[in-house]
Amino acid sequence: TLMWSHYADHHRGICLEFGTDTSPLKPINPLVGARKVDYLPDYPKWVPHTIGDLDVHVLLTKSIDWKYEQEYRVLAFAEGMSRPRSSDFLIAVGGFLTLPKGVIKAVIAGCEADYEQIVDAVRTADPDIKIRHAVRSPTQYRLEIVD
C-alpha cells in the first residue's frame with residue numbers, strides 16, 4: 001500500500017508487471033540486468049562529474065529508511081553518453097527505453113485510478129497486455145490485485 005501512495009499518485013497511477021523469462025525461445029529480456037538497491041545510513045561517496053564502473057553504486061543507493069521496498073533498478077544511459085564498461089547497461093534512444101514485446105506482462109491500475117482510461121490507453125498501445133486492478137481489501141489494511 002505504501003508503494004502505491006509513494007509512487008503512483010496516491011493510488012491514481014499504474015504499476016507495471018514485468019516478466020523475467022530468459023528461455024532461449026524468447027527475446028533477450030533487459031530486466032534480467034536489474035540490480036539490487038543498497039540501503040545505507042550515509043550518502044555514498046562520489047565525484048559528481050564522473051560515473052564509472054566504481055561510481056554506479058551512487059545510482060543504486062537509497063536511505064536505509066526505504067529498505068522495506070527491496071527495490072531493484074534497471075539502469076539506462078542516454079544514447080551517446082559514456083557509460084561504465086559493463087555490457088549489460090541499456091541505452092535510451094531519444095529519452096525512451098524500448099522493451100521487447102512481451103516484457104510487460106500486465107498493467108495494474110491503482111484503486112483510485114480512472115480504470116476505463118487506463119484500459120483504453122493500454123488497448124491502444126498493445127491489446128495483448130493484461131490489465132489488472134488494485135482494490136482495497138474489505139477486511140484488512142491491504143490491497144488485492146484482481147483481473
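This is a predicted model: local features need pLDDT of at least 70, side-chain atom pairs count only at pLDDT 80 or more; totals for chains, interfaces and linings use all residues.

One of the residues involved is Cys15, whose bridge partner in E8 is Ile108. In general, the strands of a sheet pair through backbone hydrogen bonds, either parallel or antiparallel.

These two strands belong to an open sheet of four strands, with the order E1-E8-E9-E10 and mixed pairing. Strand E1 (14-18) and strand E10 (143-146) stand at the edges, and because each has a single partner strand, one side of each is left without a neighbour in the sheet. On average, neighbouring strands of this sheet are turned by 25° against each other, if direction is ignored.

Helix H2 lies across E1, E8 and strand E9 (130-136), and runs at about 160° to E9. What, then, makes up the largest nonpolar core? It has eight residues, namely Val107, Ala109, Ala113, Ile118, Val119, Val122, Ile129 and Ile131. Strand E8 (104-109) and helix H2 (115-125) are the elements that give two or more residues to this core, and the largest share, three residues, comes from H2. Leaving aside residues up to four places away in sequence, Ile118 touches Gly13, Ile14, Val107, Ala109 and Ala113. A second, separate core of five residues includes Val56, Leu60, Phe77 and Phe89.

Finally, the aromatic rings give a count of one pair. Trp66 and Tyr68 form this tilted pair, with 6.2 Å centre to centre and 35° between the planes. Trp66 is partly exposed, with a relative accessible area of 29%, and Tyr68 is partly exposed too, with a relative accessible area of 42%.

Conventions
Residues are numbered from 1 along each chain as its sequence is written. Side-chain values use heavy atoms; hydrogens and water are left out. A nonpolar core is a set of buried Ala, Val, Leu, Ile, Met, Phe, Trp, Tyr and Cys residues joined through side-chain atoms within 4.5 Å. Buried means under 20% relative accessible area, exposed over 50%, partly exposed in between (1.4 Å probe, protein chains only). Contact means heavy atoms within 4.5 Å. Rings of Phe, Tyr and Trp (its six-membered ring) pair if their centres lie within 6.5 Å; planes under 30 degrees apart count as stacked, over 60 as edge-to-face and the rest as tilted. Two strands pair if DSSP finds at least two bridges between them. Axes are lines fitted to C-alpha atoms, for helices over the stretch in contact, and angles run from 0 to 180 degrees between N-to-C directions.
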